[in-house]
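Hi,

Here is the structure I promised to send over. Have a look at it first, and then read on for what turned up.

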Amino acid sequence: MKAWNLLKLSENPVLSEVNDPQLWDNNHIMADISHSALNHRDVWIIKGKYPSIKLPCVLGSDASVLTGSGKYIINPGLEWGDEESFQSDSFHILGMPGQGTFAEKIVVPENSLFEVPDHLTMAEAAAIPLAGVTAYRALIKRAGAKQGDKVLITGAGGGVSLWAVQFALALGCEVYVTSGKEAKIEKALALGVAGGVCTIENDWHKSLLQKSGGFDIIIDSIMGNTFPQLIKICNAGAKICFYGASAGNTQDFSPHIIFWRQISLLGSTMGSPEDFSEMMAFIKQNKIKPVIDRVYSFSQLPDALERMQTSAQFGKIILEH
Ligand SMILES: NC(=O)c1ccc[n+]([C@@H]2O[C@H](COP(=O)([O-])OP(=O)(O)OC[C@H]3O[C@@H](n4cnc5c(N)ncnc54)[C@H](OP(=O)(O)O)[C@@H]3O)[C@@H](O)[C@H]2O)c1
């Protein structure tokens, strides 16, 4: 089969002929990949900024697939374990070290397959898995978002961020966003968020505070030097849940505000099979359609990666296989 093989760090994967995956027991199933989607994880691995990288490898954690029995998406979080509150030591993610979805076929555990919701195309379904479950767990399971909460979601153009925006809107939260690009704020407003600010503005956090009156929940993946400002715009008792640190480590934030205003800092990573299953039910019940930035053909992976590396996207970037 054809697959995008990552041979060297800091270089794009190479489209090559590789052996078909082998079906090794009855608990696994071979599937033809219809569409895959990019995640920032793929970019971090190519850049060598991810733990325990093993080369060569076929990246890609998201896919909608066809099997003899129907249309499915794959839960890319494998071997979560028995504990709901954290993953086991054997937890791993589809696409490095095992074969990922930037390929024609894949072999996965049968219990990782979930039926494609009727209201979604195969391209839309491929946008769900990694980003969807990360947003669902962070916003709903960890931060406990509910109707009426004032919620801030940072980096509005991101795949996970936009799922969080859509889940929060479906819950009836008052949603605000930040972005490094003004045009993305406009697009978020069109989705139904109450307001947003561009973080290149001076004192962007003050303008957010003025618009919103303060936040009950903040869902962040940027950290770096924006995090200290997030603490200043929390309501008393607020929760900040973060699942990434795209802008790196953070420093110089005030611990005093955190303890005096009873703010909770929560870390979150992907989600359990239970989270995945609940997320699918939530998407079906609310007929949520993912925000798709662009659909590229399978052969255009380098262009798709370039778009993600430059943060040009608004929503999920999809490959049609
Ligand atoms: N722990 C987990 O389970 C988990 C799961 C998924 C993702 N993550 C992490 O979460 C982050 C987002 O993932 P994703 O797949 O949603 O990525 P993505 O689709 O590439 O979106 C990231 C967004 O964050 C903003 N951004 C990116 N780099 C930035 C920087 N240096 N400084 C400030 N803003 C920046 C951009 O938004 P604007 O252009 O709107 O500003 C960009 O669109 C990544 O770091 C990823 O590794 C963690």
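Which residue does K141 form a salt bridge with, and how far apart are the closest N and O atoms? The partner is E274, and the closest N and O atoms are 3.9 Å apart. Before going further, please keep in mind that this is a predicted model.

That pair links distant parts of the chain: K141 sits in helix α3 (residues 129–142) and E274 in helix α9 (residues 273–285), 133 residues apart. Both ends are partly exposed, K141 with a relative accessible area of 33% and E274 with 40%.

K141 has another partner too, as its side chain also meets that of D275 in a salt bridge, at 2.7 Å from N to O. Because D275 lies in helix α9 and K141 in helix α3, this pair ties together parts 134 residues apart in sequence. Is D275 buried or exposed? D275 counts as buried, since its relative accessibility is 0%. Salt bridges with shared partners join R137, K141, E274, D275 and E278 into one network.

In total, the structure holds 10 salt bridges. One more to look at is the one between the side chains of D32 and K105, at 3.6 Å from N to O. This pair also connects distant parts of the chain, with D32 in strand β3 (residues 28–37) and K105 in strand β9 (residues 105–109), 73 residues apart. D32 counts as partly exposed at 39% relative accessibility, and K105 is partly exposed as well, at 24%.

Now for the domains. The chain is divided into domain 1 (2–128 + 290–320) and domain 2 (133–267), and their centres, taken over C-alpha atoms, are separated by 27 Å. Where they meet, 16 residues of domain 1 are in contact with 14 residues of domain 2. About 1200 Å² is buried between domain 1 and domain 2, with carbon and sulfur atoms giving 58% of that area. On the domain 1 side, I128, V291 and F314 lose the most area to domain 2, together making up 41% of what that side buries.

How many salt bridges cross the interface of domain 1 and domain 2? The count there is 0. What you do find between domain 1 and domain 2 is 7 residue pairs in polar contact. By class, the side of domain 1 that touches domain 2 has 9 nonpolar, 5 polar and 2 charged residues.

Cheers

Terms used. Residues numbered from 1 in each chain as written. Predicted model: local features only at pLDDT ≥ 70, side-chain atom pairs only at ≥ 80, totals over all residues. Heavy atoms only, no water. Domains from an automatic or database assignment. Contact = heavy atoms within 4.5 Å. Buried area = accessible area lost by both parts, 1.4 Å probe. Salt bridge = Lys/Arg side-chain N within 4 Å of Asp/Glu carboxyl O. Polar contact = N/O pair within 3.5 Å; in protein donor to acceptor, adjacent residues only side chain to side chain. Nonpolar A, V, L, I, M, F, W, Y, C, P; charged D, E, K, R; others polar. Helix = DSSP H or I, 4+ residues; strand = E, 2+ residues; numbered from the N terminus. Buried < 20%, exposed > 50% of the residue type's maximum accessible area, 1.4 Å probe, protein only.
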